[in-house]
Amino acid sequence: HKRWVEDLEEKHAEEIEKVKEIYLKEASEALEEKRIAELALVEAKKGIVSNLGALRDEKHEHDDLRQEQLTELENQFELKISQLQQEMEVQARKLRNAEEEHRMAMDEARQREEKLVKQLEGKTVSEQRLQEILD
């Protein structure tokens with residue numbers, strides 16, 4: 001009886017560990033994707049700032065054309081920022097979902113453990129009653 005309880009506890013511990021590993025993997029992937037998106041945003045800003053600086057240096061030569069290009073670059077910059085923010089929101093949502101799934105899995109494991117403990121307690125009482133009857 002005791003060995004069965006130990007085996008059950010070991011099985012639950014393994015299940016919990018598996019859920020933790022899945023959660024950590026998903027969280028790590030989400031964080032990595034977020035990091036990549038942030039790096040892309042930084043690189044986009046650098047490129048746009050560099051382009052804007054070059055355009056400002058040529059102001060006297062091509063005012064009309066330059067203004068159109070500057071506006072286009074600013075629009076591209078705003079679009080890229082918007083896209084990266086959306087990607088970061090998606091990654092944050094994925095991370096929240098993974099955390100919620102992990103929490104639910106942990107709750108389910110705890111509930112199963114409590115149910116099994118109650119079943120074990122019930123069997124122990126039944127075994128004691130059977131022994132009393134036999135005596």
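Glu-26 is found in helix H1, where helices are DSSP runs of H or I with at least four residues, strands are runs of E with at least two, and both are numbered from the N terminus. This is a predicted model, in which local features need pLDDT of at least 70 and side-chain atom pairs count only at pLDDT 80 or more, while totals for chains, interfaces and linings use all residues. Residues are numbered from 1 along each chain as its sequence is written, and side-chain values use heavy atoms, with hydrogens and water left out.

With a relative accessible area of 31%, Glu-26 is partly exposed; buried means under 20% relative accessible area, exposed means over 50%, and partly exposed covers the range in between, using a 1.4 Å probe and protein chains only. When residues up to four places away in sequence are not counted, Glu-26 touches Ala-98 and Glu-101, a contact being heavy atoms within 4.5 Å. Although 72 residues separate Glu-26 from Ala-98 in sequence, their C-alpha atoms are 6.6 Å apart in space.

## Two buried histidines

His-12 lies in helix H1, which spans residues 2–57, and is buried at a relative accessible area of 7%. Leaving aside neighbours within four places in sequence, His-12 is in contact with Arg-112, Glu-113 and Leu-116. The C-alpha atoms of His-12 and Glu-113 are separated by 7.3 Å, with the two residues 101 apart along the chain.

His-102 sits in helix H2, residues 63–134, and is also buried, its relative accessible area being 17%. Beyond residues up to four places away in sequence, His-102 touches Val-19, Lys-20 and Tyr-23.

## Salt bridges within the helices

Side chains of opposite charge can pair when their charged atoms come close. A salt bridge is taken here as a side-chain nitrogen of Lys or Arg within 4 Å of a carboxyl oxygen of Asp or Glu, and by this rule the count comes to 10. In helix H1, Glu-6 and Arg-3 are three residues apart and therefore separated by about one helical turn, and they form a salt bridge whose closest N and O atoms are 3.8 Å apart. Glu-6 is partly exposed at 37% relative accessible area, whereas Arg-3 is exposed at 53%. Glu-32 and Arg-35, likewise three residues apart in helix H1, meet in a salt bridge with an N to O distance of 2.6 Å; Glu-32 is partly exposed at 35% relative accessibility, and Arg-35 is partly exposed at 40%.

In helix H2, Arg-103 and Glu-100 are three residues apart, about one helical turn, and the closest N and O atoms of their salt bridge are 2.4 Å apart. Glu-100 is partly exposed at 34% relative accessible area, and Arg-103 is partly exposed at 39%. Salt bridges that share partners join Glu-100, Arg-103, Asp-107 and Arg-110 into one network.

## The protein as a whole

The protein has two helices and zero strands, and buried residues make up 18% of its 135 residues. Among contacts with a separation of 6 or more, residues 24 or more positions apart account for 79%. The accessible surface comes to about 10,700 Å², of which 51% belongs to carbon and sulfur atoms; accessible areas come from the Shrake-Rupley method with a 1.4 Å probe, and for residues only the protein chains shown count as cover.
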